[in-house]
Amino acid sequence: MDDGIIITLIIVAAAVILLAILFTFVPVALWISAIAAGVKIGIFELVGMRLRRVVPARVVNPLIKAVKAGIDLDSSRLEGHYLAGGNVDRVVNALIAAQRANIELSFERAAAIDLAGRDVLEAVQMSVNPKVIETPFIAGVAMDGIEVKAKARITVRANIDRLVGGAGEDTIIARVGEGIVSTIGSQQDHKKVLENPDMISQTVLTKGLDSGTAFEILSIDIADIDIGKNIGAELQTDQAEADKKIAQAKAEERRAMAVAQEQEMRARVEEMRAKVVEAEAEVPMALSEALRNGHMGVMDYMNYQNVLADTDMRDSISKSSKGDSDMFPDNDPRNKNN
């Protein structure tokens, strides 16, 4: 092959590679699209975006949409929002939706809402089309002790001015739940709540529960209401059971004290008996001492023994008579006591 042809092929290949690199680094097609849409942006500005690590399509395409929608924006503001980590396309879509709905929304506020982590487009759509939040069953107890369960549907509209720093849906649900519980708990009879569920929503709406939140409460509707447990009766039953256990514990304490006192009395009786036995053991010693010292004669001692024998005989006769009377019925003639 001729050297001139080889050199020509090399030059063509190098030109193709150079053009490919040029069109890759310089978004010529995107620049042509912007010029065709009437967006004034220079080719070197697109190259600068590449150097600043900005994807040009992420800025130019939203800018084209904004210009076509009649919104006055420039590439530098969109590029700054992109570098801050925001979603440029979503912010531009929110601005277009707000303009069509006659909602006043500036680019700075939309960018702040987006950087705060909220979906600014969804917020604008919620301002136009309110959202319904459904709470779970919330239980409250009336003064008569009956539990009442209520489920509410809350219609809210996004408040653009309070989206940054405002509380979310969980706060709305918690506040409405608190209002339902307090309204039910303030009623003397649970039947009044069943007869007029609308009193719950009216009471809750007057408390201004949407203050400090990113929403504006339009209405609160009671979707369902039901009767739960008889909490008052259960509490009384539990209290009665507790009182019963306390009474049983006190009775057991008194019984234990009585048993201890009985054992103590028995010990004292045994102690007295021991003292009696000890005293009886001293009687023979006293008699012997009296006989030895002449304070008592032999006849006196014999009379003493006769008295003891006579006492033992009477005791044995008494025990025998008692045993015979226990052997026969009361109407039997053999019973000596009849």
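## The span of residues 232-282

In this predicted model, the end C-alpha atoms of residues 232-282 lie 74 Å apart, and the span is 100% helix and 0% strand, where helices (H or I, at least four residues) and strands (E, at least two) are DSSP runs numbered from the N terminus. An unreviewed UniProt entry annotates residues 232-282 as "coiled-coil region"; UniProt positions are given in the numbering used here, with feature names shortened, and annotations may be inferred rather than shown by experiment.

Residues are numbered from 1 along each chain as its sequence is written. Because the model is predicted, local features need pLDDT of at least 70 and side-chain atom pairs count only at pLDDT 80 or more, while totals for chains, interfaces and linings use all residues, and side-chain values use heavy atoms, with hydrogens and water left out.

The structure holds twelve salt bridges, each defined as a side-chain nitrogen of Lys or Arg within 4 Å of a carboxyl oxygen of Asp or Glu. One of them joins the side chains of E252 and R255, at 2.7 Å from N to O; these residues are three apart in helix α12 (residues 231-293) and are therefore separated by about one helical turn. E252 is partly exposed at 42% relative accessibility, and R255 is partly exposed at 46%, where buried means under 20% relative accessible area, exposed over 50%, and partly exposed in between (1.4 Å probe, protein chains only).

The side chains of E270 and R273 also meet in a salt bridge, at 3.5 Å from N to O, and both residues lie in helix α12, three residues apart, about one turn of the helix. E270 is partly exposed, with a relative accessible area of 47%.

## Salt bridges involving other elements

A salt bridge of 2.4 Å, N to O, brings together the side chains of E169 and K131. This pair links distant parts of the chain, since E169 is in helix α9 (residues 169-185) and K131 is in strand β1 (residues 131-134), 38 residues apart. E169 is partly exposed, with a relative accessible area of 27%, and K131 is partly exposed at 28%.

Strand β2 (residues 138-141) has a covered face, with I138 and G140, and an uncovered one, with A139 and V141. In a regular strand the side chains alternate between the two faces of the sheet.

Strand β2 runs antiparallel to strand β3 (residues 146-158), and four bridges join them; two strands pair if DSSP finds at least two bridges between them. The bridge partner of I138 in β3 is A150. Four residues lie between the strands in the hairpin of β2 and β3, where G145 takes a positive phi near 90 degrees.
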